[in-house]
Amino acid sequence: MMRESPLPGDVASRLSGAKVGVAGLGGMGSHVAVALARSGIGTLVVADFDVVDGSNLFRQCYLPKDVGSRKTDALRETLSAIEPDIRIEVFDGRLDGDNAPGVFSDCEVVCECLDQADQKAMLVESLLLGTGCTVVSCSGMAGFGSSNEIVTRKRMRRLYVCGDGISEASEGPGLTAARVMVCAGHVANMAIRLLLGEDKP
Amino acid sequence: MRVTVNGEVMEVPEGTTAEDLVSMLGHRTDRVAVEVDGEICPRDRRGSFVLTPGQRIELVSFVGGG
């Protein structure tokens with residue numbers, strides 16, 4: 001089957017030459033990775049320590065056959081099925097302040113998609129200190145609030161944050177695939193914009 | 001002395017550290033990232049990082065979910 005990019009040639013070649021990291025492959029990260037793969041990003045570095053659980057299927061980009069598999073393995077299979085030419089590098093383990101800069105060392109952009117607030121802060125800090133990458137992070141995508149409350153903001157010299165900033169996953173009405181995917185779209189689109197030289201949120 | 005925090009001018013006592021600022025604003029130190037004049041101020045240095053007048057501080061607080 002012929003796959004031809006719908007993007008202008010220079011844009012397609014810029015994206016196919018790019019390397020982007022996705023840290024955490026839950027509801028956010030799995031959808032961010034799929035959006036980046038379909039957009040023609042050449043190389044993805046995907047990182048997670050977890051195994052696909054049945055409860056993940058409501059929100060995360062996995063299938064019933066993936067239950068029990070490593071998230072890194074299951075997502076690699078999905079991404080390669082979507083885009084056979086994509087290069088996937090896997091880190092199967094817990095990211096921490098010491099290992100994260102090495103895992104994502106040659107990524108231009110890293111999408112922070114971890115679950116816990118303290119882990120998010122730790123990862124952002126260690127990547128901004130230990131690498132030259134720009135980080136696109138997410139904060140606040142739980143519940144049934146308006147899609148229009150989810151925004152992309154430039155918060156630091158090399159940090160963008162997507163989300164409503166307040167809707168925490170551990171409180172209130174839980175998370176839905178729909179609102180998480182709104183936020184995942186913000187993250188993936190900001191990553192692509194940065195690769196194309198656009199630094200406005 | 002005056003510093004700018006997330007774009008707003010704020011009056012803080014002389015000797016205020018980055019760590020003091022985080023708690024003054026009601027944040028948990030393990031859930032924020034702090035940048036001072038464009039450079040990251042990591043959590044293990046915030047307690048000894050004394051702010052000086054005119055500095056621009058960006059303080060980003062995260063909530064869980066991903």
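Let's start at one residue, A:V32. A:V32 touches A:V22, A:C111, A:C113, A:A184, A:V187 and A:A188, leaving aside residues up to four places away in sequence. Touching, or contact, means C-beta atoms, placed from the backbone, within 7 Å.

A word on what you are looking at. This is a predicted model, where local features need pLDDT of at least 70, side-chain atom pairs count only at pLDDT 80 or more, and totals for chains, interfaces and linings use all residues. Residues are numbered from 1 along each chain as its sequence is written, while chains are lettered from A and ligands numbered from 1 in the order in which they are written.

Back to A:V32. The largest nonpolar core has 79 residues, and A:V32, A:A33, A:C111, A:V187 and A:A191 touch the most other members. Helix α6 (residues 177–195) of chain A gives the most to this core, with 11 residues. A nonpolar core here is a set of buried Ala, Val, Leu, Ile, Met, Phe, Trp, Tyr and Cys residues joined through C-beta atoms within 7 Å. Buried means 20 or more other C-beta atoms within 10 Å of a residue's own; exposed means 12 or fewer, partly exposed is in between, and the C-beta atoms are placed from the backbone. In soluble globular proteins, nonpolar side chains tend to be buried together.

Now the chain A sheet. What is the strand order in chain A? Seven strands form an open sheet, β3-β2-β1-β4-β5-β7-β6, with mixed pairing. At the edges are β3 and β6 (151–156) of chain A, each pairing on one side only. Neighbouring strands are turned by 20° against each other on average, direction ignored. Helices (H or I, at least four residues) and strands (E, at least two) are DSSP runs numbered from the N terminus. Two strands pair if DSSP finds at least two bridges between them.

Look inside that sheet. β4 (residues 109–112) and β5 (residues 134–138) of chain A pair in the parallel sense over three bridges. A:V110 has A:V135 in β5(A) as its bridge partner.

Next, helices on this sheet. α2(A) lies across β1 (19–23), β2, β4 and β5 of chain A, at about 165° to β1(A). α3(A) lies across β2 and β3 of chain A, at about 170° to β3(A). Axes are lines fitted to C-alpha atoms, for helices over the stretch in contact, and angles run from 0 to 180 degrees between N-to-C directions. The buried residues of α3(A) pack against α2 (27–38), β2 (43–48) and β3 (87–92) of chain A. Among them are A:L75 and A:L79.

On to chain B. Five strands form an open sheet there, in the order β2-β1-β5-β3-β4, again with mixed pairing. β2 (8–11) and β4 (39–40) of chain B each have a single partner strand, so one side of each is left without a neighbour in the sheet. β1 (residues 2–5) and β5 (residues 56–61) of chain B pair in the parallel sense over two bridges. There, B:T4 has B:R56 as its bridge partner.

Where do the chains meet? 16 residues of chain B are in contact with 32 residues of chain A. β3(B) gives the most to chain B's side, with three residues.

Last, a helix that crosses over. α5 (residues 117–130) of chain A lies across β3 (32–36) and β4 of chain B, at about 30° to β3(B). Is α5(A) largely enclosed or left open? 11 of its 14 residues are buried, so α5(A) is largely enclosed by the rest of the structure.

How values were computed. Two residues are in contact if their C-beta atoms, placed from the backbone, lie within 7 Å.
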